[in-house]
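Please open the model in your viewer and keep the selection tool at hand. The stops below are meant to be followed in order.

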There are 2 protein chains.
Amino acid sequence: MSRRPWGAAAKPIGWYDEKLHTLFTKKGYAQRFQVLRYLVRGKKTPFQTMDIFETRHFGRVLALDGIIQTTEADEFVYHEMMVHVPLFALGAPRDVLIIGAGDGGILREVLRHKSVRRAVMVEIDGDVVRDCARHMPALNGGAFKNKRGQVIVGDGIDYARKARSGSFDAVLVDSTDPIGPGEVLFTDGFYRHCRRILRPKGVLVTQNGVPFFQPDEVTTTRRRLGRIFRDMTFYHLTAPTYIGGMMTLAWGANSPAARKTPLATLDKRFKAAGFKTRYYTPAIHKAAFDLPPFIAELAEKAGRKKRG
Amino acid sequence: MSRRPWGAAAKPIGWYDEKLHTLFTKKGYAQRFQVLRYLVRGKKTPFQTMDIFETRHFGRVLALDGIIQTTEADEFVYHEMMVHVPLFALGAPRDVLIIGAGDGGILREVLRHKSVRRAVMVEIDGDVVRDCARHMPALNGGAFKNKRGQVIVGDGIDYARKARSGSFDAVLVDSTDPIGPGEVLFTDGFYRHCRRILRPKGVLVTQNGVPFFQPDEVTTTRRRLGRIFRDMTFYHLTAPTYIGGMMTLAWGANSPAARKTPLATLDKRFKAAGFKTRYYTPAIHKAAFDLPPFIAELAEKAGRKKRG
C-alpha cells in the first residue's frame with residue numbers, strides 16, 4: 001500500500017460495520033473494518049447504496065447496501081474459484097456469460113483462459129462498474145478494455161431471456177445476496193433460461209451464500225436447480241470476508257461430464273494454461289465438491305423432500 | 001436454545017468486540033457479537049481475563065484476553081479436525097496427551113475413539129476448566145467424568161518435560177495464540193519434548209493460526225518444527241469464528257506413515273468407529289493437506305530459508 005500516501009501511516013477515521021447479519025439475517029453478528037478514508041460514501045445508485053473505503057489490511061473494500069462484496073486483499077479466492085472450477089472442468093470453453101460481477105474480477109479471471117473468445121458480462125448497475133474501475137482498478141485488471149470481453153450495463157435476466165439457445169459454455173452468476181436487486185437471480189424462471197442458453201455439456205455456477213448463517217440458501221437452491229438440471233451439486237470455498245466459514249457455489253449442468261473431469265486432466269489443463277493462482281489448484285478443485293456433513297445434509301434433506 | 005428463558009426473545013445488552021485483530025495484530029478488523037447476557041464477565045484468573053457470554057446465533061461464547069476461543073455453535077469444526085485427523089491417521093491410538101483445551105472439546109472428541117485407553121489433558125488455567133464445565137457443559141460432554149480421561153490443572157510444558165519417552169501416540173496442542181500464557185507452547189524446547197514423548201509413529205498437532213492474518217505463524221512453525229520432526233506439514237480447516245478464512249494446524253511426526261494413510265483405510269476406520277461428525281470426513285481429512293498456494297508458499301519459503 002506504499003503507493004498511497006494515506007496508507008500505512010494514516011489514522012483511521014472510524015469503523016464500517018457490515019449489516020448482513022445484523023439488519024438482514026438478524027444473527028446479531030458483524031464484521032467491522034477500521035476505515036482510513038472513503039472513496040465513495042453512501043452513494044445512491046438507481047439500484048442500491050454503494051460504499052468504497054480504504055483499510056489497512058484489506059486494501060479497498062466495496063460494500064453494497066451495507067454488505068461487503070469484495071476486498072482487494074481477498075477477492076482472489078472467490079474469483080478464482082467461481083471461474084477456474086467450471087472453466088478447467090470444461091476444458092476449452094469458448095463463450096462465457098457473466099451476470100453481475102460489476103467489479104470486473106470474474107471477467108478478469110475468465111479472460112485468462114485463452115480458449116475463451118467471447119466473455120459477456122451483464123451488470124445491472126453502471127455505477128458499480130464505473131466506480132470500481134476508477135477506485136479498484138486491479139479488480140478488472142484491464143479486462144474492461146479486452147476485446148474478447150463485452151461489458152453490458154443492463155438486466156441479466158432479460159439478457160438470458162433473449163440469448164440464443166445453446167450459445168454459452170458457462171454461465172457464472174456473481175450475484176449479491178437474495179436481498180435487493182440480486183433477488184431475481186435466485187428464481188426458477190432465470191435458471192430455466194440459463195439451462196436453455198447453455199451448450200449440452202455447459203455449466204451454470206451461482207453464488208450461494210454461507211451455509212453456517214444462511215442454510216436456507218442451500219435447501220432452496222437444491223430444490224430449484226434440482227428440478228431444472230440433471231446434475232446439481234455445490235462446491236465450497238473459504239474467503240475471509242464472506243464471514244461465517246465456507247461459502248457454497250451452486251453447480252448445475254445437464255451432463256455430469258464436466259464435474260467428473262479426472263484430477264490428472266485438470267492438472268494437464270492447468271499446467272497448459274500457464275498462469276499462477278493463489279487459491280485454486282486442481283487438487284483444491286476436486287476437494288471443493290466434498291462438503292462437510294453439516295452442509296451436505298442440508299442439500300440431501302432438500303433432495304429428499306423434492307422426491308417425497 | 002429454547003431451554004433458556006433469556007434465549008430467542010431476550011433483548012441484546014450490547015456488543016462484544018474481539019480484540020485479536022485490533023489490539024494484538026493491529027489489522028483494524030474485528031468480529032463482534034451481540035450479547036444477550038454474561039455468564040462470566042471480565043474475570044481475572046491467575047493467567048488471563050475470561051468472558052463467557054450468551055449470543056443468539058452462536059450459543060455461548062468463551063473469550064480469553066478478548067480473543068474468541070470457542071462457541072457452542074461452531075466448536076465442532078476445530079475439535080473434530082484437531083482430533084480425528086491424527087487419530088484416524090494413526091489407526092488405533094492408545095495414549096493421547098492434550099495440552100490446553102480447558103473447555104474440554106478436544107478431550108470429548110478423543111474419547112470417542114474406543115482404542116484410546118488414556119487421554120491426559122493438561123490445562124494451566126483451572127478457572128477455564130471449571131467455568132466452561134459449568135456454563136458450557138456440552139463442550140466436554142461428560143468427558144471430564146470419563147474414567148479414560150484425566151484432567152490435570154498444571155503446566156503443560158512441565159508435564160511434557162517429565163513424561164516418559166515414547167509414551168504417547170498423539171500430542172494435541174490446543175493453545176491460545178502466541179500471546180499470553182500460550183506463548184511458551186510455540187517454542188523449540190517444548191516441541192523437542194513432544195518429539196521425545198511420542199512413539200515412533202506418533203503425531204504432534206498444534207494450533208497454528210489463520211494465515212491470512214498471521215502468515216508469520218506458518219513460516220515460524222515451519223522452521224521450528226522442520227528442525228525437529230522429519231515429517232512436517234500443515235493442514236487446514238474453516239471455522240466461522242476463527243475469522244480470516246482457513247486456519248492451519250501444524251503436523252509433526254518422525255514417520256510419514258500416519259500422514260500417508262490411504263483414503264480407503266481412513267474410510268474403513270471411520271466406518272468402524274461408528275460415530276457421526278458434522279465437519280470431518282475421510283475425504284475432507286485427505287483434502288485438508290492440500291493447501292492453497294497463498295498458504296503453501298509461506299511454508300515453502302520458510303523451508304528454503306532453513307536449508308539456505
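Predicted model: local features only at pLDDT ≥ 70, side-chain atom pairs only at ≥ 80, totals over all residues.

Residues are numbered from 1 along each chain as its sequence is written, chains are lettered from A and ligands numbered from 1 in the order in which they are written, and side-chain values use heavy atoms, with hydrogens and water left out.

**Stop 1: the interface**

Select chain B and chain A together. Contact here means heavy atoms within 4.5 Å; 41 residues of chain B are in contact with 41 residues of chain A. The two chains bury about 3,300 Å² between them, with carbon and sulfur atoms giving 66% of that area. Buried area is the accessible area (1.4 Å probe) that two parts lose on being put together, summed over both. Now highlight Tyr29(B), His57(B) and Phe212(B): in chain B these lose the most area to chain A, together 19% of what that side buries.

Next, display the polar atoms. Across this interface there are 15 residue pairs in polar contact, both residues being at pLDDT 80 or more. A polar contact is a pair of N or O atoms within 3.5 Å; within protein, one must be able to donate a hydrogen and the other to accept it, and residues adjacent in sequence count only if both atoms are side-chain atoms.

Strand S1 (14–17), strand S2 (29–35), helix H10 (282–287) and helix H11 (293–307) of chain B each supply at least two residues of the side that touches chain A. S2(B) gives the most to that side, with six residues.

The interface also holds four salt bridges, a salt bridge being a side-chain nitrogen of Lys or Arg within 4 Å of a carboxyl oxygen of Asp or Glu. Select Glu297(B) and Lys276(A), which form a salt bridge with their closest N and O atoms 3.0 Å apart.

**Stop 2: the paired strands**

Select strand S2 (residues 29–35) of chain A along with S2(B). Five bridges join these antiparallel strands; two strands pair if DSSP finds at least two bridges between them. Ala30(A) has Arg32(B) as its bridge partner in S2(B).

**Stop 3: Arg117(A) and Asp95(A)**

Over all chains, the count comes to 40 salt bridges. For one within chain A, select Arg117(A) and Asp95(A), whose closest N and O atoms are 3.1 Å apart. The pair links distant parts of the chain, 22 residues apart: Arg117(A) is in the loop between helix H3 (105–110) and strand S8 (118–123), and Asp95(A) is in strand S7 (residues 95–100). Is each partner buried (under 20% relative accessible area), exposed (over 50%) or partly exposed in between, with a 1.4 Å probe and protein chains only? Arg117(A) is partly exposed at 47%, whereas Asp95(A) is buried at 2%.

**Stop 4: helix H6 of chain A**

Select Asp158(A) and Lys162(A), which meet in a salt bridge (2.9 Å, N to O). Four residues apart in helix H6, these two are separated by about one helical turn. Lys162(A) is exposed at 65% relative accessibility, while Asp158(A) is partly exposed at 23%.
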